[in-house]
Amino acid sequence: MLISYSPLHNQNLTARKVKRVRMDVFATPEFSKRHPFTTPEELAQYPFILLSSMTDYSYNNVLGFIHEEAVEIKIVTISGELRFDNIYTAINCCRNGMGYLLTSQLLLKNTMGIISTLPSEWEGFIDCYIIYRNRKNLPLCVQRLLDYIIELMTEGWRPNK
């Protein structure tokens, strides 16, 4: 079993969406003044720090945004020259004014020098999946553990929320 927010690359596996994780766009105050935006689509015009684990098949980050007044989801494809597999390296590059970064507020609890730049009426997110082999090939104890993890992670989450 794997809990991941990266796309499923192996068609022999099953991926079940279990959670939507709230994200935000961060930058230094100076960077955000030089590269202002009011809608998520405008982010594609500016330098962005990508996370390797969130890349699609073309090595872009595909980000989801929801507006507080709309039901529809805006999907924005971001490309960038900086791509890291380590979130802490990406955060340090963001702190040095090298681009926007999409991450969770939880990872930035004690981080100085960067601020949330996403307009308050927008909310960023990534979907979290549990990836596993075909259930019939899993031992019973693993199937039960899988069911338990899915139950824990899906509590309070609705696919259309």
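What follows is a short exchange about the fold, the nonpolar cores and the cysteines.

Q: Before anything else, what kind of model is this?
A: This is a predicted model, in which local features need pLDDT of at least 70 and side-chain atom pairs count only at pLDDT 80 or more, while totals for chains, interfaces and linings use all residues. Residues are numbered from 1 along each chain as its sequence is written, and side-chain values use heavy atoms, with hydrogens and water left out.

Q: OK, how many helices and strands are there?
A: The chain has 3 helices and 9 strands, where helices (H or I, at least four residues) and strands (E, at least two) are DSSP runs numbered from the N terminus. Along the sequence they come in the pattern β-β-α-β-β-β-β-α-β-β-β-α.

Q: And how much of the chain is buried?
A: Of its 161 residues, 41% count as buried, meaning under 20% relative accessible area, with over 50% called exposed and anything in between partly exposed (1.4 Å probe, protein chains only).

Q: Which residues touch the most other members of the largest nonpolar core?
A: Those are Val25, Leu43, Phe48, Phe65 and Tyr100, out of 18 residues in that core; a nonpolar core here is a set of buried Ala, Val, Leu, Ile, Met, Phe, Trp, Tyr and Cys residues joined through side-chain atoms within 4.5 Å. The elements giving two or more residues to this core are β2 (14–27), β3 (48–51), β4 (61–67), β5 (73–78), β7 (100–103) and β9 (122–132), and the largest share, 3 residues, comes from β2.

Q: What does Phe65 touch, then?
A: Leaving aside residues up to four places away in sequence, Phe65 touches Val25, Pro40, Leu43, Glu72, Ile73, Lys74, Val76, Leu118, Trp122, Glu123, Gly124 and Phe125, with contact meaning heavy atoms within 4.5 Å.

Q: Switching topic, how many disulfides does the structure hold?
A: It holds 0 disulfides, a disulfide being a pair of cysteine sulfur atoms within 2.5 Å.
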